[in-house]
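Please keep the sequence and the structure open while reading.

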Amino acid sequence: MLHSPDPRIALSWVIQDIHTKGWAPGTGGNFSQVIQRDPLRLLMAPSGVDKGLVQPGDLIEVDAQGQVVDGEGKASAETLLHLAIVEVAGAGAVLHTHSVFNTLLSMHYAPQGAIAIAGYEMLKGLQGITTHDSTLPLPILPNSQDMGQLSDEIKSHLGADRQSYGFLLAGHGLYAWGDTLFQARRHLEILEFLLELTYRKLTLSSQ
Ligand SMILES: [Zn+2]
């Protein structure tokens with residue numbers, strides 16, 4: 001994995017690893033990697049596949065409109081959200097999970113519109129953060145089944161802040177991204193860690 005692995009092998013390995021961690025049960029979640037910028041090509045898992053079983057040859061390629069241009073199967077409805085993040089945040093890979101902790105906290109903090117996470121050494125795993133003495137505002141956007149509308153909201157929200165790592169959709173899950181697949185994976189792992197910590201701190205302080 002150290003020397004520019006084949007993108008299909010790398011992405012299917014990352015998907016299976018995320019599934020093993022319990023962050024994408026069943027067919028939940030979706031994962032994409034930019035393999036070409038002009039014209040844009042995203043490598044991603046097709047809709048409705050079990051994320052524990054995705055093989056390199058199962059991955060599809062989609063264009064800037066979310067149309068499948070190579071491979072078998074349909075693109076997920078959430079492809080539009082991946083495309084919005086790639087376009088506005090300049091992401092090279094987007095990882096979307098449905099973990100217990102991110103789902104629960106996205107609902108709990110939805111009225112505030114964000115979760116503020118501060119003071120932890122693990123914040124330094126996020127690109128550009130160099131001290132534990134930092135506050136990460138993790139935005140929470142309302143969930144919707146209208147992907148066109150949600151993608152417009154994401155674009156206007158991210159437009160104000162290009163130095164971002166992820167956001168939550170209320171009652172739904174987490175989107176995390178990075179310049180490369182493995183930076184996106186690192187950001188996802190850090191955010192899932194910080195969210196689990198936030199949940200456990202809440203239960204600790206309620207005792
Ligand atoms: Zn989802």
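## Aromatic contacts

Rings of Phe, Tyr and Trp (its six-membered ring) are taken to pair if their centres lie within 6.5 Å, and planes under 30 degrees apart count as stacked, over 60 as edge-to-face and the rest as tilted. The model is a predicted one, in which local features need pLDDT of at least 70 and side-chain atom pairs count only at pLDDT 80 or more, while totals for chains, interfaces and linings use all residues. Residues are numbered from 1 along each chain as its sequence is written, and side-chain values use heavy atoms, with hydrogens and water left out.

By the ring rule there are four aromatic pairs. Phe167 and Tyr175 make a stacked pair, with 5.4 Å centre to centre and 20 degrees between the planes, and together with Trp177 they form one aromatic cluster. Both Phe167 and Tyr175 are buried (under 20% relative accessible area, with exposed meaning over 50% and partly exposed in between, for a 1.4 Å probe and protein chains only).

## The zinc site

Donors are N, O and S atoms within 2.8 Å of the metal (3.2 Å for Na, K and Ca), and water is not among the atoms, so sites may look incomplete. The protein donors of the zinc ion are Glu78 (OE), His96 (NE2), His98 (NE2) and His172 (NE2), which lie 2.1 to 2.8 Å from the ion, and along the chain they follow the spacing E-x17-H-x1-H-x73-H.

Strands are DSSP runs (E, at least two residues), numbered from the N terminus. In strand β5 (residues 93–97), five of the five residues are buried: Ala93, Leu95 and Thr97 on one side, and Val94 and His96 on the other.

Two strands pair if DSSP finds at least two bridges between them. Strand β1 (residues 30–37) runs antiparallel to β5 and is joined to it by four bridges, with Ser32 opposite Val94. Strand β9 (residues 173–178) also pairs with β5 in the antiparallel sense, over five bridges, and there Trp177 is the bridge partner of Val94.
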